[in-house]
Amino acid sequence: MMRIDTSPTYYYSNNLGRILLQAMEEVLGRNGVIAVLKQAKLETRINNYPKNNSDKKFRFEEVSQIQNALEASYGIRGGRGLALRVGRVYFKVILREFGNEVGLSEIASHPYPVDEKVRLTLKRIADLFNQYSDQQVVLSQTETKFVWTVNRCPYCWRLKADSSICLQLVGLLQEALYWVSSGRFYSVEETDCIGKGDEACVIVVDQQPMD
């Protein structure tokens, strides 16, 4: 991937950035995170994670530099596989830290139909990012699919790629739907990506599980 210039600066909240680095640490280990941060030229973040508050100070560039560094360190296939794993852990920590606040925790135990639980989960996660970051997410649906559209995405921010690269978001949604459906697997695919020239990052989720 190549980095390309653009002018605005956007942010995740400090706590979302902190959770992301904690998820990386669970997948890669502390030494692995240090190596990736060095590769990403983010040495100032080594042993210096963002504070646990909602101040928007974790730059989009840091998120995309980490994504780029995973591929540089582990190869395209390995880096993207790790990004998926980080995304899954990212959801687990988000659920622990924000679950009650944004209404995620109540969904799994509520007697909604499963497809409604899936829709509500996708909506609450979109609301979380819209509230705590400059990431812009819109949820819509067709007869058979939910469509999660990211109009401003940190994972491919200022990157140029030949395929969809926002795998941490894909992993996050995969884990969220596995959790809310009590262990069922859903097809989650990023069909469009700003990094490869599309107007938005679009993640499509089948309304019915694969099993």
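**View 1. The open sheet of the predicted model contains four strands in the order E4-E5-E8-E7, paired in the antiparallel sense.** Strands are DSSP runs of E with at least two residues, helices are runs of H or I with at least four residues, and both are numbered from the N terminus; two strands count as paired if DSSP finds at least two bridges between them. The edges are formed by strand E4 (136-141) and strand E7 (188-192), each of which pairs on one side only. On average, neighbouring strands of this sheet are turned by 25 degrees against each other, direction ignored. The axes are lines fitted to C-alpha atoms, for helices over the stretch in contact, and angles between N-to-C directions run from 0 to 180 degrees. The model is predicted, with local features requiring pLDDT of at least 70 and side-chain atom pairs counting only at pLDDT 80 or more, whereas totals for chains, interfaces and linings use all residues. Residues are numbered from 1 along each chain as its sequence is written, and side-chain values use heavy atoms, with hydrogens and water left out.

**View 2. Strand E5 (145-152) is joined to E4 by six antiparallel bridges.** A hairpin of three residues connects E4 to E5. Leu139 has Trp148 in E5 as its bridge partner. Six bridges also join E5 to E8 in the antiparallel sense, and Phe146 has Val205 in E8 as its bridge partner. E5 is mostly covered, as six of its eight residues are buried (under 20% relative accessible area; exposed is over 50% and partly exposed lies in between, with a 1.4 Å probe and protein chains only).

**View 3. E7 pairs with strand E8 (residues 201-206) through four antiparallel bridges.** Here Asp192 stands opposite Val202 in E8.

**View 4. The largest nonpolar core has 72 residues, of which Tyr12, Tyr90, Ile94, Ile125, Phe129, Trp148 and Tyr155 touch the most other members.** Such a core is a set of buried Ala, Val, Leu, Ile, Met, Phe, Trp, Tyr and Cys residues joined through side-chain atoms within 4.5 Å. Elements that give two or more residues to this core include helix H1 (14-39), helix H2 (60-98), helix H4 (114-132) and helix H5 (167-180). H2 gives the most, with 16 residues. Apart from neighbours within four places in sequence, Phe129 is in contact (heavy atoms within 4.5 Å) with residues including Tyr12, Leu16, Val137, Trp148, Leu169 and Leu172. In soluble globular proteins, nonpolar side chains tend to be buried together.

**View 5. H2 and H4 pack at an angle of about 75 degrees, with their axes 13 Å apart.** H2 is therefore roughly perpendicular to H4, a term covering 65 to 115 degrees; angles under 35 degrees count as roughly parallel, over 145 as roughly antiparallel and the rest as oblique. Tyr90, Phe91, Ile94 and Phe98 in H2 meet Ile125, Leu128, Phe129 and Tyr132 in H4. The contact comprises eight nonpolar residues, no polar and no charged.

**View 6. Ser181 lies in the loop between H5 and E7.** Ser181 is buried, with a relative accessible area of 6%. Not counting residues up to four places away in sequence, Ser181 touches Val114 and Tyr186.

Technical notes
Nonpolar A, V, L, I, M, F, W, Y, C, P; charged D, E, K, R; others polar.
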